[in-house]
Amino acid sequence: MHPAFSVIFLTTLIGVGQGLFLALFTGQIYDLATLLDVQLTPAFYSLGSLIALLFLVLGLVASFFHLGHPERAWRSIAQWRTSWLSREVLVLPLTLGLIALYGLFHFLGWTQPLFTLGEAVPVDATLIIGLAATLATFGLFLCTGMIYAGLKFLQEWHSPLTVVNFTLLGIASGFTLAAAISAWMNNGLLFFYGGWAVVAISLGLLGRGASLVRNGAIKHKSTLQSAIGVRHTRIQQKAMGFMGGSFNTREFFPGAGLPTLDRVRNGFLILAFPLPLILLAFSFLEQGPSILPLAAFGIQYLGLLAERWHFFAEARHPQNIYYQSVA
Amino acid sequence: MTQLALVIDLNVCVGCHACVTSCKEWNTSGWAGPLSDHHPYDADPTGTFFNRVQMYEVGVYPNTETVHFPKSCLHCEEPPCVPVCPTGASYKRPDNGVVLVDYDKCIGCKYCSWACPYGVREFDEYQKVMKKCTLCIDRIIDTRLPESERKPACVLACPTSARLFGDVHDPESEVSVAIREQGGYQLMPEWGTQPSNHYLPRRKVRIHIHADELVRADNPLKREDIVRETGETLDDVAW
């Protein structure tokens with residue numbers, strides 16, 4: 001498939017936003033269970049939510065560049081019964097709204113307990129909104145992943161690993177960003193978020209590695225024989241019917257050779273995983289405010305852009321069988 | 001339910017591209033707007049087409065055959081492009097099974113083209129919407145046309161009648177009989193899309209005649225055989 005930058009930015013940016021929100025809410029849950037030795041401040045929650053919102057909105061803006069008719073985008077909520085894209089279009093604003101509400105409630109300090117669960121768990125509005133937003137966030141990961149995983153003849157994508165990796169990589173980048181914000185605010189949460197970021201990055205490497213191994217050994221179901229229905233071991237295309245290129249030759253081919261794909265893969269395997277891990281590890285050794293987690297996040301994001309580019313470029317659409325020879 | 005479709009006879013197609021040009025001509029002149037071209041007379045021309053004819057060489061030289069392979073939307077019974085459309089612009093007509101795009105609803109997200117394994121959807125770079133073969137829906141349902149002309153432009157243009165058009169759900173239709181009796185098959189059956197368009201395979205048009213087939217050894221009416229009479233015949237009788 002031809003990697004479209006609008007979609008690459010959409011999926012990576014909203015992944016960061018979703019991951020960052022999950023990091024904030026994980027912090028709140030830990031705080032609630034008094035597992036943290038520092039208090040999370042309303043400033044951190046509201047600033048974090050604002051940054052998460054910023055990433056989600058940037059992703060949404062990027063997605064519009066993929067449309068031929070952005071002014072008709074509202075129509076895309078219609079087919080939520082069958083289309084994962086339609087479901088994503090519904091869940092994305094829902095997630096945005098809930099995260100905005102979550103940040104607003106923390107900003108305004110509306111965190112008085114509404115009631116107490118059992119003996120010791122005070123439930124406030126932010127906890128309820130946060131839970132709803134968490135559900136929406138995971139729903140959004142599911143929708144985004146299923147847009148690709150649901151296309152069964154794009155065999156590189158048609159795997160649960162697609163959804164798992166979108167989720168893991170989103171969470172990894174979000175927790176790294178949370179660590180970067182914590183390090184910048186010097187609020188004592190660097191170890192907490194950095195530690196979880198290390199776990200998420202490692203799991204992301206496992207998941208993405210698994211999909212690379214799977215896709216390397218993939219056996220494509222469609223062949224030239226099944227494509228034109230001629231049973232012969234030796235068939236060669238002599239002409240695709242035109243010489244000037246078409247939508248078929250632009251949209252479905254990566255537009256780069258295998259060496260480029262390999263270079264990009266090696267690039268993201270370094271940028272998105274080991275380098276952020278090393279930078280985070282170094283930041284743990286520092287005292288006071290640190291810029292290293294932010295560097296880790298920046299490098300990781302570049303890596304994720306390359307990762308998503310490779311995700312698209314790697315997928316081989318069966319229609320390409322019909323377009324192997326110009327003349 | 002009616003399911004209109006094409007049956008393309010690969011044994012008859014000579015690869016003249018008349019179906020391609022007539023398709024382009026009809027569909028670029030219709031009410032739905034042009035099928036736009038980009039740099040049509042320049043170094044790098046490109047454009048929107050619903051139908052193409054490709055060439056394949058089967059076998060090893062000198063024992064090769066050239067297969068001319070027309071390719072357009074197959075109007076699947078289970079079109080994977082339809083359920084993925086977020087707006088409902090892509091739909092399958094309930095009355096005749098033709099898969100269409102509502103150009104006024106399409107947002108141009110291209111997702112349907114990703115969901116089509118055959119690559120028969122084309123994005124119009126000027127109108128910024130997805131387009132595809134309509135089976136000339138504006139011809140085939142136009143009752144003002146004489147019935148013989150209510151056919152897709154490609155079918156009418158084909159000089160060798162390699163393209164048949166009809167209802168594949170009607171077991172007695174010309175297309176159903178052709179599929180049934182001449183080994184009609186679907187493209188990429190592995191995806192369960194159930195394409196309505198079928199192709200008739202290449203088949204041998206030569207027959208091998210054995211010597212004994214020239215004399216009708218099994219003929220019970222011996223009189224039909226060439227008999228050399230000996231002895232007295234009617235002509236020898238003196239009247």
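Colleague: Which residue of E4(B) is the bridge partner of A:Gln237?

Modeller: This is a predicted model, so read every value as computed from it. E3(A) and strand E4 (residues 52–60) of chain B are joined by 4 bridges and run antiparallel. Within E4(B), A:Gln237 is bridged to B:Tyr56.

Colleague: In what order do the strands of that open sheet lie?

Modeller: E4(B) also has 9 bridges to E5(B), and these two run antiparallel. One bridge pair there is B:Val53 with B:Pro70 of E5(B). The sheet is open, has 3 strands and is antiparallel in its pairing, with the order E3(A)-E4(B)-E5(B).

Colleague: Which are the edge strands?

Modeller: An edge strand pairs on one side only. From one strand to the next, the twist averages 30°. The edges are E3 of chain A and strand E5 (63–71) of chain B.

Colleague: Which element gives the most to the side of chain A that touches chain B?

Modeller: The contact involves 45 residues of chain A and 47 residues of chain B. Helix H3 (84–108), helix H7 (224–228), strand E3 (235–239) and helix H8 (247–251) of chain A supply at least two residues each. By class, this side of chain A has 18 nonpolar, 20 polar and 7 charged residues. The top contributor, with 5 residues, is E3(A).

Colleague: What is omega at the cis peptide bond in chain B?

Modeller: The bond joins B:Tyr61 and B:Pro62. B:Pro62 sits in the loop between E4 and E5 of chain B. Omega is about 5°.

Colleague: Is B:Lys110 buried or exposed?

Modeller: B:Lys110 lies in the loop between strand E7 (99–101) and helix H3 (111–114) of chain B. Its phi is near 70°, a positive value in a residue other than glycine. The cut-off for burial is 20 or more other C-beta atoms within 10 Å. B:Lys110 has 20 C-beta neighbours inside 10 Å, so it counts as buried.

Colleague: And how does B:Lys128 count, with 16 C-beta neighbours inside 10 Å?

Modeller: B:Lys128 is placed in the loop between strand E8 (122–124) and strand E9 (129–131) of chain B. Phi of B:Lys128 is near 60°, again positive in a residue other than glycine. With 16 C-beta neighbours inside 10 Å, B:Lys128 is therefore classed as partly exposed.

Colleague: How are H6(A) and H10(A) oriented to each other?

Modeller: The axes of helix H6 (residues 190–216) and helix H10 (residues 274–285) of chain A come within 10 Å and cross at roughly 160°. The crossing is left-handed. Angles over 145 degrees count as roughly antiparallel. The two helices are therefore roughly antiparallel.

Colleague: How many residues of the contact of H6(A) with H10(A) are charged?

Modeller: H6(A) contributes A:Leu190, A:Phe191, A:Gly194, A:Ala197, A:Val198 and A:Ile201. H10(A) contributes A:Pro276, A:Leu277, A:Leu280, A:Ser283 and A:Phe284. The contact has 9 nonpolar residues and 2 polar ones. The charged count is none.

Colleague: What separates A:Leu206 from A:Asn165 in space, C-alpha to C-alpha?

Modeller: A:Leu206 belongs to helix H6 of chain A. A:Leu206 counts as partly exposed because it has 14 C-beta neighbours inside 10 Å. In sequence, A:Leu206 and A:Asn165 are 41 residues apart. In space, C-alpha to C-alpha, they are apart by 9.1 Å.

How values were computed. Residues numbered from 1 in each chain as written. Chains lettered and ligands numbered in written order. Predicted model: local features only at pLDDT ≥ 70, side-chain atom pairs only at ≥ 80, totals over all residues. Axes fitted to C-alpha atoms, helices over the stretch in contact; angles between N-to-C directions. Parallel < 35°, antiparallel > 145°, perpendicular 65-115°, else oblique. Left-handed = near helix turned anticlockwise from the far one by under 90°. Contact = placed C-beta atoms within 7 Å. Nonpolar A, V, L, I, M, F, W, Y, C, P; charged D, E, K, R; others polar. Pairing = 2+ DSSP bridges. Buried ≥ 20, exposed ≤ 12 C-beta atoms within 10 Å, placed from the backbone.
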